[in-house]
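I opened the notebook with a friendly list of things to look up: charge pairs, the ligand site, a few single residues and the backbone. Here is what I was looking at.

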Amino acid sequence: MQFSILTLFPEIIDAYASASIMGRARKNGVIDVQAINIRDFTTDPHKKVDDSPFGGGSGMVLACQPVESAFESLLPLQEPARVLITTPAGRKFDHPFALELSQCKQLVILCGHYEGFDERIMQLIPGIEEVSIGDFVLTGGELPALCMMDAITRLLPGAVQKFSSVEADSFYDGLLDYPHYTRPAEYKGLRAPDVLLSGNHAEIAKWRKAQALQKTKLARPDLLE
Ligand code: ADE
């Protein structure tokens, strides 16, 4: 999968996407990440990419020209492609959405910025989809872009060594993950559940399923509806 991130802070994208699972997926050719600096595409002599909002108000608004030019530098996209823009006003990103996006060959993410972006960007880039990672407001779209890239990458074949661990994780089967334990079997008087030490794989699977159900019922009953 090709991730193309349009941002004013490419170094943030590069730093995260070079470490851990994403870094390895990049080295193995499972993903490619290009972080494109929108500022490189402005025609403004002072390299400005934003301006104050018409009608007044605080903050700066990301302007049309540098965003459109940065996007056009990516054309033609590798199909199937999707183009996203990060905004708290967008469709909520979740596991089914991540699965849907993992089917793309190329994913373009335009990182929103402080007060927002010129609304005409929605018309200049046909098919662009607004996406939110939750009901809170961040100062920029880099963290939302990275959250989505991370969640999508781990769904791609070859990104995580054992795909069974992805399938067992929260949300894959509609349930939250079961609790995990590791050595030592007892720590400061706290014992790991005996069933996990029993070697009886059928019993372990049964216990895990029951725990996942109980945890989901308590913490996220909405997932069971
Ligand atoms: N930009 C600012 N806040 C955001 C959020 N919650 N999701 C996506 N983009 C954002």
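**Entry 1: charge pairs**

I began with Glu-100, which is partly exposed at a relative accessible area of 33%. My cut-offs for relative accessible area are under 20% for buried, over 50% for exposed and partly exposed in between, with a 1.4 Å probe and protein chains only. The side chain of Glu-100 meets that of Arg-91 in a salt bridge, with 3.2 Å from N to O. Arg-91 is partly exposed too, at 38%. For a salt bridge I need a side-chain nitrogen of Lys or Arg within 4 Å of a carboxyl oxygen of Asp or Glu. Opposite charges on side chains can pair when the charged atoms come close.

A note on method before I go on: this is a predicted model, where local features need pLDDT of at least 70 and side-chain atom pairs count only at pLDDT 80 or more, while totals for chains, interfaces and linings use all residues. Residues are numbered from 1 along each chain as its sequence is written, and side-chain values use heavy atoms, with hydrogens and water left out.

How many salt bridges did I end up with? The count came to 12. I checked Asp-118 and Arg-120, whose side chains form one at 2.6 Å, N to O. Here Asp-118 is buried at 17%, whereas Arg-120 is partly exposed at 46%. I also looked at Arg-191 and Glu-186, where the closest N and O atoms of the salt bridge are 3.7 Å apart. Both ends are partly exposed: Arg-191 at 46% and Glu-186 at 43%. Shared partners link salt bridges into one network made of Arg-82, Arg-91, Glu-100 and Glu-129.

**Entry 2: the ligand site**

I then looked for backbone atoms beside the ligand's nitrogens. A backbone N or O atom of Phe-136 lies 2.7 Å from a ligand nitrogen. For Ile-133 the corresponding distance is 3.0 Å, and for Thr-87 it is 3.2 Å. Taken alone the ligand exposes 260 Å², and the protein buries 96% of that. Accessible areas here are Shrake-Rupley values with a 1.4 Å probe; for residues, only the protein chains shown count as cover.

**Entry 3: two buried polar side chains**

I went to His-113, in the loop between β6 (106-110) and α5 (121-124). His-113 is buried at 8%, and its side chain makes a polar contact with that of Asp-50 at 2.9 Å. A polar contact is a pair of N or O atoms within 3.5 Å; within protein, one must be able to donate a hydrogen and the other to accept it, and residues adjacent in sequence count only if both atoms are side-chain atoms.

Ser-102 sits in the loop between α4 (95-101) and β6. Ser-102 is buried at 11%, and a polar atom of its side chain lies 2.6 Å from the backbone oxygen of Leu-99.

**Entry 4: backbone**

Most peptide bonds are trans, and most residues other than glycine have a negative phi. I noted the exceptions that follow.

- Leu-75 and Pro-76 are joined by a cis peptide bond, with omega about -5°; Pro-76 is in the loop between α3 (64-72) and β5.
- Arg-183 and Pro-184 are joined by a cis peptide bond too, with omega about 0°.
- Ser-20, in helix α2 (residues 20-27), has a positive phi near 55° and is exposed at 64%.
- Lys-188, in the loop between β8 (186-187) and β9 (190-191), has a positive phi near 50° and is exposed at 72%.

Technical notes
Helices (H or I, at least four residues) and strands (E, at least two) are DSSP runs, numbered from the N terminus.
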